[in-house]
Each structure stands twice: as structure tokens, then as C-alpha cells.
Amino acid sequence: MTDCKKEKIKIGKKELRFGVWVDYGEHQGWAWRHWGCVTPRQLEGLHDVLEGDVDMLDGYEELPDDCQEKVKRALKNGHVDDEDWRGDVEQNRPGMKGFRSPAARKKKKAEEQEVLLDSFVPVSDHARFHLQSCFIHPSL
């Protein structure tokens with residue numbers, strides 16, 4: 001899962017986005033990502049499907065020229081431009097998976113653990129708790 005999805009960062013108007021048509025049985029629809037959240041592995045799959053013909057990509061012809069160039073460059077290089085990438089740059093290379101390097105993931109987990117330990121406050125025996133469960137296309 002991308003950081004943007006975890007943090008519920010919305011895709012802005014006129015911002016380049018990547019959409020994939022998904023079928024959930026009875027429901028279908030587009031699943032959107034920021035352009036900077038498109039992984040090298042996704043671009044590899046897209047490249048294989050398009051076989052070099054970007055005109056087969058739905059919405060491509062409606063993109064502004066600068067966005068069309070970004071798409072062509074990403075398909076050629078196997079990754080989005082580093083300045084657009086929203087993860088660790090070393091993960092933005094062909095053959096890599098995910099957004100965070102293993103070292104960064106380990107460090108983040110350790111920091112989260114430390115915050116949890118630092119925020120632990122003993123509770124009196126009288127406290128009570130209750131738990132409940134609970135394609136590329138221009139933005140319009």
C-alpha cells in the first residue's frame with residue numbers, strides 16, 4: 001500500500017493519475033494512483049500490454065504534451081521520473097518492488113516501536129476500556 005493511500009492524500013485536479021480497471025465480482029470501477037505512485041513493476045506490465053504503442057493507452061491522447069512526454073519517458077526507462085516518485089529513489093528502478101527500501105522499512109518500524117514505548121502510561125486497576133472493530137488519465 002502506498003503512503004498516499006495510508007494517509008488518504010487525494011489526487012488533485014489536473015494532476016496526472018494512473019488508473020487500473022478493477023472487477024470486484026458484482027462491482028467494477030477505476031482504482032486510481034498518483035503518477036508518482038506508479039511502480040516500476042506496474043510500468044513493466046503496462047509496457048508488455050502496450051507493446052510500444054502508447055496510443056492504445058486510454059486517455060493518452062487527451063493528456064497535455066508535457067504529460068505525454070512523462071508517460072513515454074517512464075515506459076522507455078521503466079520508472080517514473082525521480083522528481084515525481086513518492087517513495088525511496090532506490091526503489092524507483094526496473095525490477096524493484098515497493099516504495100520503501102528494506103532498511104527504511106526496518107528503521108520506520110523501530111521508530112514506531114520507540115514512540116509506542118515512550119507513550120506507554122500505566123493505567124489504574126479501576127480503568128475500563130471498550131474496543132470496537134470496524135490507467136493513466138488526467139484529473140478532471
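Modeller: Buried means under 20% relative accessible area, exposed over 50%, and partly exposed in between, with a 1.4 Å probe and protein chains only. The model is predicted, hence local features need pLDDT of at least 70 and side-chain atom pairs count only at pLDDT 80 or more, while totals for chains, interfaces and linings use all residues. Residues are numbered from 1 along each chain as its sequence is written, and side-chain values use heavy atoms, with hydrogens and water left out.

Colleague: In what order do the elements of the protein chain run from the N terminus?

Modeller: Helices (H or I, at least four residues) and strands (E, at least two) are DSSP runs, numbered from the N terminus. The protein chain has four helices and three strands. From the N terminus on, the elements run α-β-β-α-α-α-β.

Colleague: What share of the 140 residues of the protein chain counts as buried?

Modeller: The accessible surface of the protein chain comes to about 10,600 Å². Carbon and sulfur atoms hold 54% of that surface. Of the 140 residues, the share that counts as buried is 33%.

Colleague: Which residues of H2 are buried, and within what arc do they fall?

Modeller: The buried residues of H2 are Pro40, Leu43, Leu46 and Leu50. Seen down the axis, they line one face of the helix, because the arc (of the directions from the helix axis to the C-beta atoms) they fall within is 115°.

Colleague: What is exposed on the other side of H2?

Modeller: The buried residues of H2 have cover that includes strand E1 (16-23) and H3. On the other side of H2, the exposed residues are Asp48 and Val49.

Colleague: How far apart in space are Leu46 and Leu75, C-alpha to C-alpha?

Modeller: Leu46 lies in helix H2, residues 40-50, and counts as buried at 13% relative accessibility. Beyond its neighbours within four places in sequence, Leu46 is in contact with Phe18, Leu57 and Leu75. Leu46 and Leu75 are 29 residues apart in sequence, yet their C-alpha to C-alpha distance is 8.0 Å.

Colleague: Which exposed residues sit on the face of H3 turned away from its buried side?

Modeller: In H3, the buried residues are Cys67, Gln68, Val71, Ala74 and Leu75. Their arc seen down the axis is 125°, so they line one face of the helix. The face turned away from them carries the exposed residues Asp65, Asp66 and Lys76.

Colleague: How far apart are the end C-alpha atoms of H3?

Modeller: The expected span of a helix is 1.5 Å times one less than its number of residues. For the 13 residues of H3 that should be 18 Å, and this agrees with the model, where the end C-alpha atoms are apart by 18 Å.

Colleague: Where is Lys8, and what is its phi?

Modeller: Lys8 is found in the loop between helix H1 (3-6) and E1. At 70% relative accessibility, Lys8 counts as exposed. Lys8 is a residue other than glycine, and its phi is positive, near 55°.

Colleague: At what angle do the planes of Trp21 and Trp30 lie?

Modeller: Rings of Phe, Tyr and Trp (its six-membered ring) pair if their centres lie within 6.5 Å; planes under 30 degrees apart count as stacked, over 60 as edge-to-face and the rest as tilted. By this rule there are three aromatic pairs. The rings of Trp21 and Trp30 have centres 5.4 Å apart and form an edge-to-face pair, because their planes lie at 75°.

Colleague: What is the angle between the planes of Trp85 and Phe99?

Modeller: Trp85 counts as buried at 7% relative accessibility, and Phe99 is buried with a relative accessible area of 10%. Trp85 and Phe99 form a stacked pair, 4.9 Å centre to centre, with an angle between the planes of 10°.

Colleague: Over which ring does the charged end of Arg17 sit?

Modeller: A charge sits over a ring if NZ of Lys or CZ of Arg is within 6 Å of the ring centre and within 35 degrees of the ring normal. Trp21, Trp30 and Trp32 form one aromatic cluster. At 4.9 Å from the centre, the charged end of Arg17 sits over the ring of Trp32.

Methods: Contact = heavy atoms within 4.5 Å. Areas by Shrake-Rupley, 256 points an atom, 1.4 Å probe, with all protein chains shown as cover.
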